[in-house]
Amino acid sequence: VQLQASGGGSAQAGESLRLSCEVLGSPNVYSLMSWYRQRPGKERELVADITYRGVTDYADAVKGRFVIDRDNAKNEASLQMSDLKPEDTAVYYCNAGCAGAGEKVLGHWGQGTQVTVSS
């Protein structure tokens, strides 16, 4: 199984970027798709996740600015990032895992895509 992330790059503060994550090599549609990020000098942190049925969860820092979505038919997830801030600068990773019975379990990681926001 391979997760192919794309869409990173550079942006000015206030601009938008869209990240995409495609699950390759597996017929399974994972019940939980997540985006994490690792900022310089920080640990990896959850940005947003979405269940198969479309239930979403966001980190407080991105609520109202980022939107996670998924296309189960294409086995893809996306992260629309708006009103970007310099503190959003990070390597963004997607993850395909499982959600059920009140638990979330991380699974396969993508390779990471760099997002750099300048002021």
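**Reading a chain of strands**

Guide: Let's start at Asp 83, which sits in the loop between E8 and E9. Keep in mind that this is a predicted model.

Visitor: What is the phi of Asp 83, and how do I read it?

Guide: Here's the general idea: most residues other than glycine have a negative phi. Asp 83 has a positive one, near 50°, and it's not a glycine. With a relative accessible area of 37%, Asp 83 is partly exposed.

Visitor: Which loop holds Asn 75, and is Asn 75 buried or exposed?

Guide: Asn 75 lies in the loop between E7 and E8. Its phi is positive too, about 55°, although Asn 75 isn't a glycine. For burial, the cut-off is under 20% relative accessible area. Asn 75 comes in at 9%, so it counts as buried.

Visitor: Okay, let me zoom out. How many helices and strands does the chain have?

Guide: Zero helices and eleven strands.

Visitor: What share of the residues is buried?

Guide: 39% of the 119 residues count as buried. As for the surface, the chain exposes about 6200 Å², with carbon and sulfur atoms supplying 46% of that.

Visitor: Which residues have the most contacts inside the largest nonpolar core?

Guide: That core has 27 residues, and those with the most contacts inside it are Met 33, Trp 35, Val 47, Phe 66, Leu 79, Met 81 and Tyr 92. Strands that each supply at least two residues of this core include E4 (32-38), E7 (66-71), E8 (76-81) and E9 (90-100).

Visitor: Can you walk me through one of them? Where is Met 81 placed?

Guide: Met 81 is in strand E8, and at 0% relative accessibility it counts as buried. Setting aside neighbours within four places in sequence, Met 81 is in contact with residues including Leu 17, Leu 19, Phe 66, Tyr 92 and Val 115.

Visitor: And which residues does Tyr 92 touch?

Guide: Among them are Leu 19, Trp 35, Val 47, Phe 66, Met 81 and Val 115, again leaving out residues up to four places away in sequence.

Visitor: What about contacts across the whole chain?

Guide: Take contacts between residues at least 6 apart in sequence: 54% of them join residues at least 24 apart.

Key
Residues are numbered from 1 along each chain as its sequence is written. This is a predicted model: local features need pLDDT of at least 70, side-chain atom pairs count only at pLDDT 80 or more; totals for chains, interfaces and linings use all residues. Side-chain values use heavy atoms; hydrogens and water are left out. Helices (H or I, at least four residues) and strands (E, at least two) are DSSP runs, numbered from the N terminus. Buried means under 20% relative accessible area, exposed over 50%, partly exposed in between (1.4 Å probe, protein chains only). Contact means heavy atoms within 4.5 Å. Accessible areas come from the Shrake-Rupley method with a 1.4 Å probe; for residues, only the protein chains shown count as cover. A nonpolar core is a set of buried Ala, Val, Leu, Ile, Met, Phe, Trp, Tyr and Cys residues joined through side-chain atoms within 4.5 Å.
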